[in-house]
Amino acid sequence: MVADSLIIFCLTLAWLLPLAGCVVISVLRLKLSRLSAVPGWIGTGSLLVAFCLSLISAGVWLMTSPAETAALQASNVSDVAAHETGNLLQRRLVGHWYSLAKFGEIDFPLGYAIDALTVLMFVLVTMISLAVHAYSLVYMADEQTESYQDHHLDHSAGETSERPGRFAHFYAALGLFTFAMLGIVLAHGLLQIFVFWELVGFSSYLLIGFYHERRTARLASMKAFLMNRVGDVGFVLGMTILLATCGTLLLYPVHDLNGTTASSVPMALPEAFQAAVEKAVPSQAIHDQANLIPTEQGISYALLVAAGLGLLAGCVGKSAQFPLHPWLADAMEGPTPVSALVHSATMVAAGVYLAARIAPLLLPEALLLLAYVGVVTLLLGASMAIVARDLKLVLAHSTISQLGLMLLGIGVGAWEAAIFHLITHAFFKSLLFLGAGSVIHTTHHEQDLEKLGGLRAHLPLTSLTMLIGVIALSGLAVPYVTIFGESLGFSGFHSKDAIVSGTMAFVLKNPHHILLLISVLLGACLTAAYSLRLWLKLFARDTPVDPALQQVHEGPWLMTWPLVVLAFFAAFCALGGEEGFVSTLVEESLSPAPAWFSDSTGEVVSIQWTNASERHAVHGTAGAMALAAAWLGALIAWALYGLQAISSKDLSHQLTPLVRLASHRWHFDTLYRGFLVLPILNLARHTAWIDRILIDPFIDGCARLSERFSHASQWFDEAMINRFFDNMASSIWASGLSLRKAQTGHIRQYVLLATMAVIVLFLILFAWMPGDRAGP
Amino acid sequence: MSLGAYLAVSAVLFASGLTCMMTKRHALGVLMGVELILNSACLNLIAFARYTTLGIDGQVFALFVIVIAAAEAAVALAIALNYYNNFLTVDVDRGDELKR
């Protein structure tokens with residue numbers, strides 16, 4: 001019990017600390033000079049404490065063993081929700097802090113749900129964010145100035161190159177970003193997730209548009225924001241359907257402190273959804289009645305699929321999946337450390353994380369669609385990465401493609417493999433981005449791969465750590481060799497294997513989806529090719545291509561240490577593979593598969609799902625195939641860029657149409673521009689025209705009319721009312737003056753006057769009094 | 001003697017008091033006029049007490065008037081003294097400051 005409340009306390013504090021840092025920096029910013037590095041140290045310090053707290057809670061979590069939890073559960077103890085699922089014991093702390101609103105049965109509380117995955121994600125997010133914070137102390141140091149010279153501005157477009165530095169602004173936004181992501185991880189209901197989901201979107205908008213003097217950065221931040229909103233529309237619709245059918249948005253049941261029985265605990269989404277699915281009416285029957293209103297029998301099956309698809313649309317937008325992927329490549333406009341954060345642990349990870357959390361709410365149709373979306377994105381991203389010339393762009397497209405792989409994992413039902421890959425990917429992708437940032441920083445913002453090259457001697461540490469990252473990303477390993485029972489491969493090898501074996505088991509049971517397996521293997525091949533190409537281009541030759549790069553050297557320790565630490569984790573975090581530490585923790589915390597999951601109950605499609613043991617059975621074969629594909633890709637890259645046995649120019653000539661298509665990013669931007677942006681701009685222009693022609697004159701007329709009216713009213717006021725009161729006042733004044741003469745100050749005169757007045761009064765009395773005239 | 005005679009004396013007293021108040025510039029003269037008027041009222045009350053059904057009430061009233069007259073004389077003399085302190089005179093016509 002003490003351990004539980006300690007975990008809750010630590011994680012809550014770790015969640016709120018980045019926000020506190022953000023607030024403190026925002027306030028201090030007004031007092032401090034722009035030259036000060038204090039905001040950076042505040043931000044880094046808050047993250048360091050948050051990281052330590054996360055570590056503490058992780059330690060406590062691991063020390064309180066499941067057996068103990070089971071004993072606690074048996075003695076009816078409060079908020080530990082442990083379900084016996086097979087041989088796995090799920091342990092989860094769920095609770096409320098505060099109820100936002102309550103409408104009859106439906107409650108919207110703020111709360112937390114902590115399980116092994118949450119703790120793991122906390123450590124991951126705070127660690128990578130800490131690395132990025134520390135790294136940015138150096139990388140963003142040139143912002144600590146009164147006049148920052150921006151060399152990337154397009155002067156022909158009339159952009160001015162000088163501006164005050166925005167060091168504090170950067171760290172405030174970074175803190176907010178981390179806070180929002182931790183909020184998603186900690187939340188226990190879809191509504192709460194959605195709030196932080198939007199906050200992530202907003203803070204990423206701030207960071208992507210950090211150099212907002214540049215037109216490209218402004219457009220990129222807008223693009224990221226709008227594309228995310230498209231997905232979020234789906235998210236809101238999905239939530240609405242779930243709220244209408246299930247009556248709750250909480251992902252896990254909350255046990256109150258008295259340890260009440262299960263009957264009084266309100267149902268959480270998975271069980272409620274399962275109940276709804278069991279009662280669902282075939283959509284054909286609903287269609288005949290021509291309405292979608294829930295009947296007594298239940299809700300339309302199609303609507304339940306739509307709920308899942310809606311939530312997935314949010315994930316697709318946030319994780320930059322086809323067809324909402326173009327924003328991620330443009331998001332490179334932000335500072336490189338931000339890219340490292342966005343691409344690894346925070347923003348894009350949120351989509352996959354949510355998809356894994358809501359996996360029990362996805363019906364076969366939605367999952368299958370997700371698998372295909374993932375696979376399309378995998379290939380699209382890999383193909384774009386292999387032709388990209390910009391250093392960061394290669395990494396961005398690689399992220400898109402890797403996220404596709406994760407969603408494929410969720411789509412084929414291997415969601416613990418997907419989250420496993422999410423965690424390993426976070427390490428090696430942030431490592432690669434920080435390495436790229438190190439290259440960019442030391443070469444004074446050179447990002448073109450053709451101009452860079454031969455930097456190995458000058459940047460030994462960066463080249464070594466990036467090699468680790470590249471090997472992890474491509475999933476390379478030495479086959480059939482083990483040391484101490486460990487295969488010789490870095491983290492990406494294990495997690496990719498898990499997804500590939502999940503796909504293979506799926507394909508073996510559903511042979512007509514063989515395309516998924518082929519694409520995954522092709523994707524593995526391409527991944528190895530483009531990641532090795534990147535490294536070879538940067539570091540292969542001994543001397544720089546560009547003589548201007550002779551002076552390049554490693555950055556200070558704040559830049560190199562994050563690389564080393566991340567490289568360590570990128571190499572070894574997946575030790576033990578699927579039986580390893582990380583994977584077990586992930587597996588322990590994800591929801592058990594719903595009952596309908598084992599049999600194929602889809603209405604449109606019929607699918608045989610796989611279970612963990614089936615996946616494990618094909619693990620060897622799948623791993624061998626994936627490894628072969630990766631080695632093939634690596635050899636091709638080696639031949640092209642390392643040995644230069646084949647001229648890469650000749651090859652690209654042979655494949656001109658494909659290369660051109662990929663380097664134009666498959667014309668998605670053109671497509672969106674033609675079909676969405678331009679029509680909307682046109683519509684806006686016409687609306688503006690209508691505004692000018694019709695509405696503006698009307699408003700102007702109204703204004704003019706009211707102006708006239710007030711003029712008239714002013715005249716009336718001045719001529720009539722004011723004059724009347726003026727006259728009245730002056731006449732009163734005059735009469736007062738005349739009466740004043742009677743006041744002489746002579747007492748005797750007053751007496752005389754009083755006497756006279758009495759006499760006059762008597763006279764009047766006697767003259768006018770009736771009756772008594774006769775007298776005695 | 002009849003009521004009319006008393007009333008006549010009282011009227012003469014009242015008229016002389018009034019005239020005194022109106023004509024005298026000396027503050028003590030004005031005060032004497034006030035005393036005359038008060039005494040004329042007293043005489044009226046006594047006369048009515050004697051010749052009408054007013055009875056003892058009139059005499060009691062007269063006693064009250066005498067007491068009040070004494071008090072009033074004390075107050076008025078104090079005023080006159082202060083007046084003299086401020087203006088070095090007891091001419092009532094010189095004290096017209098309240099006019100302003």
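## A first look at chains A and B

Chain B is built from 3 helices and 0 strands, where helices (H or I, at least four residues) and strands (E, at least two) are DSSP runs numbered from the N terminus. With a radius of gyration of 17 Å, well over the 13 Å that the globule rule gives for 100 residues, chain B is more spread out than a compact globule. That radius is taken over C-alpha atoms, and the rule is 2.2 Å times the number of residues to the power 0.38.

A word on what you're looking at: this is a predicted model, in which local features need pLDDT of at least 70 and side-chain atom pairs count only at pLDDT 80 or more, while totals for chains, interfaces and linings use all residues. Residues are numbered from 1 along each chain as its sequence is written, and chains are lettered from A and ligands numbered from 1 in the order in which they are written.

Back to chain B. Its C-alpha atoms fill a box of roughly 50 × 25 × 20 Å along the principal axes. UniProt, in an unreviewed entry, puts the feature "transmembrane region" at residues 27-48 and 60-84 of chain B; such annotations may be inferred rather than shown by experiment, feature names are shortened, and the positions follow the numbering used here. Here is how those spans look in the model.

| Span in chain B | Helix | Strand | Distance between end C-alpha atoms |
|---|---|---|---|
| residues 27-48 | 100% helix | 0% strand | 32 Å |
| residues 60-84 | 100% helix | 0% strand | 36 Å |

Now for chain A, which has 27 helices and 8 strands. Buried residues make up 47% of its 776 residues, and in chain B 17% of the 100 residues count as buried. Buried is used for a residue with 20 or more other C-beta atoms within 10 Å of its own, exposed for 12 or fewer, and partly exposed for anything in between, with C-beta atoms placed from the backbone.

Contacts tell a story too: two residues are in contact if their C-beta atoms, placed from the backbone, lie within 7 Å. Take the contacts between residues at least 6 apart in sequence: in chain A, 77% of them join residues at least 24 apart, and in chain B the figure is 45%. Across the two chains, 9 residues of chain A are in contact with 8 residues of chain B. On the chain A side, that's 3 nonpolar, 5 polar and 1 charged residues. Ala, Val, Leu, Ile, Met, Phe, Trp, Tyr, Cys and Pro count as nonpolar, Asp, Glu, Lys and Arg as charged, and the others, Gly among them, as polar.

A few spots in chain A are worth a visit. Helix α26 (residues 668-740) has a kink of about 40° centred on A:G674, the bend being the angle between axes fitted to the seven residues ending there and the seven starting there.

A:S339 sits in helix α12 (residues 336-344) of chain A. It is buried, with 27 other C-beta atoms within 10 Å. Beyond its neighbours within four places in sequence, A:S339 is in contact with A:A331, A:M332, A:G334, A:K392 and A:F433.

Finally, strands β3 (residues 93-103) and β4 (residues 106-114) of chain A pair in the antiparallel sense over 9 bridges; strands pair if DSSP finds at least two bridges between them. A:H96 has A:G111 in β4(A) as its bridge partner. In this hairpin, with 2 residues between the strands, A:G104 takes a positive phi near 60°.
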